[in-house]
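Dear colleague,

Please find the structure below, together with its sequence. A short account of the findings follows it.

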Amino acid sequence: MKRVCILRLGHRPFRDKRVTTHVGLAARAFGADGMYLAADDPGVAGSLRDVTARWGGDFFVEDGISWKTCVRSWKERGGTVVHLTMYGLPLGKVIGEIRGKEQILVVVGAEKVPGEMYGLADYNVSVTSQPHSEVSGTAVFLDHLFEGAELDRTYPDAELRIEPSRDGKRTVP
Ligand code: SAM
C-alpha cells in the first residue's frame, strides 16, 4: 500500500508554529499519511492531532524527530526521499517516476535547509523554480502525486463533516 509522509525541517518553535501547522494541515488534506517534525513542539503536534480527532482519518504527527535519522531509516527500509526545493528538478519531469514508488518521504524546509539534505535526497524537486513556501510546495506536490484523486477522499470517524453548500456554511452533525 502506498505510504506518503512529510518531514518538516528547520521549524523554529518561536517563529514557525503557524506555518508548520499549515504544512501539516495541507499534508493531511491533500492525502499524506502523517508528518514527522524535526523539532520539539508539542503545541503544533497537539493542534494537528486535535484537527484529526474532529475531522477524521488517521493522520499522525511525531515531533522531536532527528531529521537525519528519519531520512536514513526511511531509505534503509527501501523508501524514497523527495526533497522539495526551488533548486531541484522540475516537478513535471520527475513526478511520473516518483508516482511509481510505494514509500515516499517528502521533505520540506524553512529558512535554511542543511546542504547535506540535497545529497541524501533521491530526488530534489522544484514546484516552479521560483521561491514560494513549504505550504504551497506540499499541496501542489501531493496534488500532482495523487493526480487529483485526494480531492475526493473521505475521512473515517469524523466528529464533524462539511455538507458542501452553494450558499452557506453547513456542517454535520
Ligand atoms: N531557499 C529555499 C529553497 O531551497 O527552496 C526557500 C525557503 S522556503 C521559505 C521554505 C521551503 O519551502 C523550502 O525549504 C522548500 O521546501 C519549500 N519551497 C519554497 N519554494 C519552493 C519551490 N519553488 N519548489 C519546491 N519547494 C519550495
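Is Met86 buried, partly exposed or exposed? With a relative accessible area of 32%, Met86 is partly exposed; buried means under 20%, exposed over 50%, and partly exposed in between, with a 1.4 Å probe and protein chains only.

This is a predicted model, in which local features need pLDDT of at least 70, side-chain atom pairs count only at pLDDT 80 or more, and totals for chains, interfaces and linings use all residues. Residues are numbered from 1 along each chain as its sequence is written, and side-chain values use heavy atoms, without hydrogens and water.

Met86 belongs to strand E4 (residues 80-90); strands (E, at least two residues) and helices (H or I, at least four) are DSSP runs numbered from the N terminus.

Two residues deserve attention for their backbone angles. Most residues other than glycine have a negative phi, and most peptide bonds are trans. Thr128, which is not a glycine, has a positive phi of about 70°. Thr128 sits in the loop between strand E6 (123-126) and helix H6 (134-146) and is partly exposed, at a relative accessible area of 48%. Glu147 is likewise a residue other than glycine with a positive phi, near 55°. The loop between H6 and strand E7 (161-162) holds Glu147, which counts as exposed at 59% relative accessibility.

Finally, the peptide bond between Val172 and Pro173 is cis, with omega about 5°. Pro173 is found in the segment after strand E8 (171-172).

Yours sincerely
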